[in-house]
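I opened my notebook to look through one protein chain. I wanted to go from the whole fold down to single residues.

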Amino acid sequence: MTVDLVVLGAGPGGYVAALRAAQLGMRVACVEKEDRLGGTCLRVGCIPSKALLDSTELLVQIREDAAHHGLHVGEVAVDLAALMGRKEQVVQSLTRGVEALFRKRNVAWVRGFGRLVRPNVVRVETADGPVEVEARYVLLAPGSVPAALPQVPVDGERIVDSTGALALPKVPRRLVVIGGGYIGLELGSVWRRLGAEVVVLEAMPTILPQMDAEVVRAAERIFRRQGLDIRTGVRVAGAEPQGEGVCVHLEDGTSLDADVVLVAVGRRANTDGMGFDEVGLKRERGFLVVDEHYRTGVAEVYAIGDAIGGKMLAHKAEEEGIAAVERMAGKGGHVNYRAIPGVVYTWPEIATVGLTEEEARARGPVRVGRFPFAANGRARALGATDGFVKVIADATTDRLLGVHILGPRASDLIAEAALALEFDATAEDLARAVHAHPTLPETLKEAALDAEGRVLHL
């Protein structure tokens with residue numbers, strides 16, 4: 001098979017790049033070994049976890065919040081099999097949607113394990129035997145896999161990674177989560193809402209160590225109130241099956257018992273075993289080395305997404321994929337890394353874009369504005385008043401440097417902040433923009449006003 005572009009990997013970065021390349025008139029083949037398109041994100045990551053988070057948020061609203069609205073319901077039962085079935089339906093509809101887009105854009109899906117055998121040739125081990133795909137351009141988008149702890153080997157039953165935690169057959173009595181990052185907190189929240197006792201062990205002094213410290217402190221207080229047993233500065237020495245559960249050994253000599261242990265210590269680049277070293281691609285700490293245009297330095301081989309490092313986010317990979325193929329087509333593809341948002345889909349959600357206050361102050365003087373959801377009319381009506389919006393601006397130029405949100409629907413609200421950073425807006429620009437009333441986005445306006453020293457509703 002000969003095409004203009006072969007994409008190795010059909011996760012968000014790979015499949016979006018393939019679709020964009022097809023729009024640009026390229027003949028495209030996409031190599032994917034799994035039986036469904038969409039990569040980790042669609043199959044066993046972003047989408048199924050959000051389906052479970054939304055289902056369990058609804059459970060909490062019915063059980064705990066409905067009475068505050070004057071709505072009284074009887075005993076609420078959880079049908080875990082049906083809940084998991086809904087999750088699977090959501091995943092299936094979206095992966096089938098990607099297949100339909102491939103058909104519409106004439107992107108060929110070559111199903112099988114792909115390996116780069118020459119700079120412009122990918123050999124695919126398909127069910128019908130090996131197939132070689134030759135292309136002018138090669139785009140590597142192999143994604144990432146869960147990082148392992150050698151002392152806590154995953155068995156897929158009692159000791160699981162994030163994939164296993166999305167499909168537990170029953171609610172564990174006690175779930176021990178190793179890792180206080182976004183994956184551990186999201187999945188820990190799901191099983192806590194379903195009735196498990198959840199203990200989160202984080203080796204660093206704080207959970208979510210790369211996020212704004214003030215936001216994290218406030219979030220941790222809320223998570224503890226929700227019943228998460230968060231223990232920071234704790235290192236795990238090992239874990240072993242014991243009886244019907246697991247014994248988790250800590251470095252301080254103590255131990256914990258659990259029904260299930262979730263290892264959620266991050267992800268690592270999936271760059272082994274695909275011929276990258278053999279054709280001369282450079283790697284550093286497992287990540288493929290690329291230039292500012294995503295070129296690897298070997299012929300016309302490009303790479304994007306988790307495999308090249310940086311923030312391991314689906315939307316980052318998508319934008320890099322689009323930029324890479326636009327560069328191949330002679331266009332000016334570009335990604336503004338200052339304006340890439342990140343979200344933790346707990347309740348309340350945490351969303352962030354730009355610099356943290358600590359990072360911003362290290363660069364020079366700043367002005368910081370804050371506004372609590374408790375002072376927002378729409379949040380009061382929703383009964384969702386935890387959290388606040390934080391706006392950080394350069395003290396000299398007033399340019400926005402970062403926005404951080406802890407609160408209801410922060411994942412939606414952060415889009416306005418990302419757009420503001422994309423256009424190099426100032427705090428005054430955000431403060432002067434007219435926001436509909438009563439809405440949650442008014443908190444952004446008020447936080448920006450606070451950075452200007454003229455907050456109105458506080």
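**Entry 1: the whole chain**

I started with the secondary structure and found 13 helices and 24 strands. I kept in mind that this is a predicted model.

Next I asked how the size of the chain fits its length. For 458 residues, a compact globule would have a radius of gyration near 23 Å. The chain has 23 Å, so the two agree. I also looked up the span of the C-alpha trace along its principal axes, which is about 65 × 60 × 45 Å.

Then I checked burial. Of the 458 residues, 51% count as buried. The chain exposes about 20800 Å². Carbon and sulfur atoms supply 50% of that area.

Residues 24 or more positions apart account for 65% of them.

I noted 53 positive and 61 negative side chains. The centres of the two sets lie 2 Å apart.

**Entry 2: helix α3**

I picked helix α3, which covers residues 46-65. Its buried residues include Pro48, Ala51, Leu52, Leu53 and Leu59. Ser49, Lys50, Ser55, Thr56 and Glu57 are on the buried list too.

What covers these buried residues? I found α2 (39-44), α4 (80-105) and α6 (182-193) among the covering elements.

**Entry 3: Glu357**

I moved on to Glu357, in helix α9 (residues 357-363). Is Glu357 buried or exposed? Its relative accessible area is 12%, so it counts as buried, the cut-off being under 20%.

I then looked for a polar partner. The side chains of Glu357 and Lys390 are joined by a polar contact of 2.5 Å. Leaving aside neighbours within four places in sequence, Glu357 is also in contact with Asp212, Glu214, Val368, Arg370, Ile392 and His404.

Most peptide bonds are trans. I went looking for cis ones.

Trp347 and Pro348 are joined by a cis peptide bond, with omega about -5°. Pro348 sits in the loop between β20 (342-344) and β21 (349-354).

I noted another cis bond from His437 to Pro438, where omega is near -5°. Pro438 is in the loop between α12 (427-432) and α13 (442-451).

**Entry 4: positive phi**

Most residues other than glycine have a negative phi.

Ala299 has a phi near 45°. I found Ala299 in the loop between β18 (287-288) and β19 (301-303). Its relative accessible area is 60%, so it is exposed.

Arg409 is not a glycine either, yet its phi is about 55°. Arg409 lies in the loop between β24 (400-407) and α11 (410-422). At 32% relative accessibility, Arg409 is partly exposed.

**Entry 5: Phe276**

Where is Phe276? I found it in the loop between β16 (267-269) and β17 (283-284). Its relative accessibility is 1%, so Phe276 counts as buried.

I listed what Phe276 touches, not counting residues up to four places away in sequence. Among its contacts are Leu8, Leu116, Leu140 and Pro142. Thr271, Leu281 and Leu288 are contacts as well. I also looked up Arg118, which is 158 residues away from Phe276 along the chain. The C-alpha atoms of Phe276 and Arg118 are separated by 9.3 Å.

**Entry 6: Thr385**

Thr385 lies in the loop between α10 (377-382) and β23 (388-394). I read 28% relative accessibility, so Thr385 counts as partly exposed.

**Entry 7: His457**

I finished in the segment after α13, where His457 lies. With a relative accessible area of 55%, His457 is exposed, because the cut-off is over 50%.

His457 still has contacts beyond its sequence neighbours: Phe371, Ala375 and Glu446. A polar contact of 2.5 Å joins the side chains of His457 and Glu446. I also looked up Val121, which is 336 residues away along the chain. The C-alpha atoms of His457 and Val121 are separated by 62 Å.

Definitions and conventions:
Residues numbered from 1 in each chain as written. Predicted model: local features only at pLDDT ≥ 70, side-chain atom pairs only at ≥ 80, totals over all residues. Heavy atoms only, no water. Helix = DSSP H or I, 4+ residues; strand = E, 2+ residues; numbered from the N terminus. Buried < 20%, exposed > 50% of the residue type's maximum accessible area, 1.4 Å probe, protein only. Polar contact = N/O pair within 3.5 Å; in protein donor to acceptor, adjacent residues only side chain to side chain. Contact = heavy atoms within 4.5 Å. Rg over C-alpha atoms; globule rule 2.2 N^0.38 Å. Areas by Shrake-Rupley, 256 points an atom, 1.4 Å probe, with all protein chains shown as cover. Lys, Arg positive; Asp, Glu negative; His and termini not counted. Charge placed at Lys NZ, Arg CZ, Asp CG, Glu CD.
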